[in-house]
Amino acid sequence: SLICPVSENLKQTMQECGIENNFEVVPNVVDTNLFRIAETRTKGKKKIIHISTLKEWHKNVRGMLRVIKKLSEIRKDFELHIISDGDISLATEISKEYGLLDKIIFIYPAQTLEKVAEMLRDSDLFLLFSNVETFSCVIIEALASGVPVLSSNAGAIPELVNEKNGMLVNSGDEKALFEKLNEMLDKKGFYNKEELRRFVVDNFCYRVVGKKFCNIYSRFIN
């Protein structure tokens, strides 16, 4: 009776592919009890965090790491922490080639959800440079943790990220990513953590998304 894509972008793409039905967007959900703002933060270098499968065709790992290398040539006050439940060999190889592994770039295999939430809370900026995305749960997890986002504008990401909670660049535009990353590192503390979190609580928490599904099922049952 109804198709429930997680974003307007996915809905439009399905329709462009010739899928005909009634559509109603219901977004992905985030555990706002687990993903929350840190009471205290570790001091030291500014921490950028990236969480993904690290599939090159999808996440543009090479492009992201080229930008990190270029940035490391003009400033040394940051670190990039990468968490992946996928194959970390490409990111590890490139980071070694650049001489940045375990110096500026730190790579971790799959972590528990609790550990991911802890590492997000201790970060200053979430970074994503994808070629395609249907939603990106990690973005709302970062925002729920009070962490601003710098991302490509792939797929549904512009539905989540705006000037109030981060910055966007065109997919594959390494020059723009370099400029915005450099700018955002200088804007540490510029974003209101509570406002970042409020956006997620108001739109993507269990209560809100659960209510959307409850209303949908109630309509069709009745």
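This is a predicted model: local features need pLDDT of at least 70, side-chain atom pairs count only at pLDDT 80 or more; totals for chains, interfaces and linings use all residues.

Student: Which residues other than glycine have a positive phi?

Tutor: L54 is one of them, with phi near 65°. S136 is another, at about 85°. L54 sits in the loop between β1 and α2. S136 sits in the loop between β4 (125-128) and α6 (137-144).

Student: Why is L54 called buried?

Tutor: Buried means under 20% relative accessible area. L54 has 5%, so L54 is buried.

Student: What makes S136 count as buried?

Tutor: The cut-off is again under 20%. S136 has 7% relative accessibility, so S136 counts as buried.

Student: What does V29 touch, leaving aside its neighbours within four places in sequence?

Tutor: V29 is in contact with I140, F204, C205, Y206 and V209. Its C-alpha atom is separated by 13 Å from that of A142, 113 residues apart along the chain.

Student: How do you know that L10 is partly exposed?

Tutor: L10 has a relative accessible area of 23%, so L10 is partly exposed. L10 belongs to helix α1. Beyond neighbours within four places in sequence, L10 is in contact with P5 and T134.

Student: Now the helices. Why are α3 and α4 called roughly parallel?

Tutor: Angles under 35 degrees count as roughly parallel. Helix α3 (residues 61-72) and helix α4 (residues 89-97) pack at about 25°, with axes 10 Å apart. The two are therefore roughly parallel to each other. Their crossing is right-handed.

Student: Which residues make that contact?

Tutor: V61, R62 and L65 come from α3, and L90, A91, I94 and S95 from α4. They divide into 5 nonpolar, 1 polar and 1 charged.

Student: Which residues of α4 are buried, and what covers them?

Tutor: L90, A91, T92, I94 and S95 are buried. The cover includes α2 (56-59), α3 and β3 (105-108).

Student: What makes α3 and α7 oblique?

Tutor: Roughly parallel needs an angle under 35 degrees, and roughly perpendicular starts at 65. The axes of α3 and helix α7 (residues 174-186) cross at roughly 55° and come within 10 Å. α3 and α7 are therefore oblique to each other. This crossing is right-handed.

Student: Which residues meet there?

Tutor: α3 gives G63, R66, V67, I68, K70 and L71. α7 gives E174, L177, F178, L181, N182 and L185. The contact divides into 7 nonpolar, 2 polar and 3 charged residues.

Student: How many residues are in the largest nonpolar core?

Tutor: That core has 60 residues. Those with the most contacts inside it are I48, L65, I68, I105, F126, I139 and L150. Take I105, again leaving aside neighbours within four places in sequence: I105 is in contact with L65, I68, L80, I82, S95 and L100.

Terms used: Residues are numbered from 1 along each chain as its sequence is written. Side-chain values use heavy atoms; hydrogens and water are left out. Axes are lines fitted to C-alpha atoms, for helices over the stretch in contact, and angles run from 0 to 180 degrees between N-to-C directions. Helices (H or I, at least four residues) and strands (E, at least two) are DSSP runs, numbered from the N terminus. Angles under 35 degrees count as roughly parallel, over 145 as roughly antiparallel, 65 to 115 as roughly perpendicular and the rest as oblique. A crossing is left-handed if the near helix is turned anticlockwise from the far one by less than a right angle, and right-handed if clockwise. Contact means heavy atoms within 4.5 Å. Ala, Val, Leu, Ile, Met, Phe, Trp, Tyr, Cys and Pro count as nonpolar, Asp, Glu, Lys and Arg as charged, and the others, Gly among them, as polar. Buried means under 20% relative accessible area, exposed over 50%, partly exposed in between (1.4 Å probe, protein chains only). A nonpolar core is a set of buried Ala, Val, Leu, Ile, Met, Phe, Trp, Tyr and Cys residues joined through side-chain atoms within 4.5 Å.
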